[in-house]
Amino acid sequence: SPEENAKRLAAYAAVDEHVKDYHKVLGIGSGSTVPYVVERLCQEPHCNANSDRWYVPTGFQSKELIVKAGLNLGDVDQFPNIDVTIDGADEVDDDLNAIKGGGACQLREKVLAEAATNFILVADSRKDSKVLGTNWKQGVPIEVAPFAWAKVFQNLQKMGCEKPVLRMGKMKAGPVVTDNGNFVIDAVFTESYMRDPSELLHRIKMLTGVLEVGIFAGMALAAYFGYPDGTVAVRW
Ligand code: DER
């Protein structure tokens, strides 16, 4: 489909531009775009470097991608410094701030994003916005300790979030449980809050019981957007 091809184009462009054969440790993110990152890394000329290269996953999904592709599986405690992490995004603004966590993986994703010398985002063009919240309407994904979720929920309302939502499982009774055993609250904020993502990130992060916030403020070196017409745009 044009959407899948757009994802593939963004992923291929990012790998071709940012993965060098001397890179030894790569971080692999979560979602439906990163499989094309792994696909490209298993093709010439990138595959020639795979024998002594390690791949660190951002969760069970990307761990499976790495294992199924027969690539060397690494852990961030083994490789705390990563050459390049490539990951998807739910939305990216003009300043390369991103909303992540649509797949409930944002805690480990942010660890690998921060551990990387270069952090690169890959997405289809629907994620390309001027201001966060323009296209992504599901709110800021927040990973919370189950014990504290109701208090975080209440404090988000006090902070000005009209309608926080505890993310419920689809084929699982009860709340979504992350790879770290936590819950996710999706918090929609008005545009005035979303215009200063870093400020909002810090205010939410300070709430007791919050483990990580799906705002990646100014972390990405570049973002690649694939378009259904077969073109790729890159924002540095
Ligand atoms: O959860 C995340 O942050 C993922 O990267 C994800 O949201 C990206 O999703 P997609 O690549 O399936 O659009």
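These legends describe close-up views of one predicted model. Residues are numbered from 1 along each chain as its sequence is written. In this predicted model, local features need pLDDT of at least 70, side-chain atom pairs count only at pLDDT 80 or more, totals for chains, interfaces and linings use all residues, and side-chain values use heavy atoms, without hydrogens or water.

View 1. K127 sits in the loop between β6 (116-124) and β7 (140-144). Strands are DSSP runs of E, at least two residues, and helices are runs of H or I, at least four, numbered from the N terminus. K127 is buried (under 20% relative accessible area, 1.4 Å probe, protein chains only). K127 has no salt bridge (a Lys or Arg side-chain nitrogen within 4 Å of a carboxyl oxygen of Asp or Glu). D124, the nearest side chain of opposite charge, is 4.3 Å away. A polar atom of the K127 side chain lies 2.8 Å from the backbone oxygen of A89.

**View 2. The ligand site.** Around the ligand are 14 residues (each with a heavy atom within 4 Å of it). The closest are S32, T33, D90, G103 and K127. For a polar backbone atom of G103, the distance to a ligand oxygen is 2.7 Å.

**View 3. The largest nonpolar core.** This core has 25 residues (buried Ala, Val, Leu, Ile, Met, Phe, Trp, Tyr and Cys joined through side-chain atoms within 4.5 Å). V140, L156, F189 and I204 have the most contacts inside it. At least two core residues come from each of β7, α5 (149-159), β9 (183-187), α7 (197-205) and β10 (210-213).

Notes:
Buried means under 20% relative accessible area, exposed over 50%, partly exposed in between (1.4 Å probe, protein chains only). Lys and Arg count as positive and Asp and Glu as negative; His and the chain ends are not counted. A polar contact is a pair of N or O atoms within 3.5 Å; within protein, one must be able to donate a hydrogen and the other to accept it, and residues adjacent in sequence count only if both atoms are side-chain atoms.
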